[in-house]
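I opened this notebook to look up a few things about charged pairs, surface and confidence. The entries follow the order in which I looked.

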Amino acid sequence: MGSRETLDSAAAARHARFGKLPERIRYEDMVEEKAATSKDPARYAYDPEGSWMSFSCLAVDLGL
């Protein structure tokens with residue numbers, strides 16, 4: 001009978017600590033909506049001086 005009492009007391013301790021689930025969170029509370037910003041034309045404009053930085057070339061990497 002001693003092990004049964006130990007199991008019951010352990011189960012009671014677990015139930016006291018974890019017996020109740022937390023309150024549900026609504027989907028509306030988990031999602032944040034932000035207005036979209038318009039595209040910045042300067043960000044996507046072609047820059048011939050800086051365009052070389054976006055390419056990877058083995059010869060350039062090796063300094064040839």
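I began with Asp29, which is exposed because its relative accessible area is 53%, where exposed means over 50%, buried under 20% and partly exposed in between, computed with a 1.4 Å probe and protein chains only. I note that this is a predicted model, in which local features need pLDDT of at least 70 and side-chain atom pairs count only at pLDDT 80 or more, while totals for chains, interfaces and linings use all residues. Residues are numbered from 1 along each chain as its sequence is written, and side-chain values use heavy atoms, with hydrogens and water left out.

Charged pairs. I looked up which side chain meets that of Asp29 in a salt bridge, a term that requires a side-chain nitrogen of Lys or Arg within 4 Å of a carboxyl oxygen of Asp or Glu. The partner is Arg26, at 3.4 Å from N to O, and salt bridges with shared partners join Arg26, Glu28 and Asp29 into one network. Arg26 also meets Glu28, with an N to O distance of 4.0 Å. Arg26 counts as exposed because its relative accessibility is 51%, and Glu28 is exposed as well, at 54%. I then found a salt bridge between Lys20 and Glu23 at 3.9 Å, N to O, and both Lys20 and Glu23 are exposed. The structure holds 3 salt bridges.

Nonpolar surface. Which residues make the nonpolar surface patch of about 460 Å²? I listed Ile25, Tyr27, Met30 and Val31; patches take residues with over 30% relative accessible area and no salt bridge, joining like charges within 9 Å and nonpolar side chains (Val, Leu, Ile, Met, Phe, Trp, Tyr) within 5 Å. Ile25 lies in the loop between α1 (2-18) and α2 (27-30), and Ile25 counts as exposed because its relative accessibility is 58%.

Whole chain. I read 3 helices and 0 strands, in the order α-α-α from the N terminus; these are DSSP runs numbered from the N terminus, helices being H or I of at least four residues and strands E of at least two. Of the 64 residues, 3% count as buried. The chain exposes about 7100 Å², of which carbon and sulfur atoms supply 57%, by the Shrake-Rupley method with a 1.4 Å probe, and for residues only the protein chains shown count as cover.

Confidence. The pLDDT, the predictor's confidence in each residue from 0 to 100, averages 79 over the protein chain, and 83% of the residues score at least 70.
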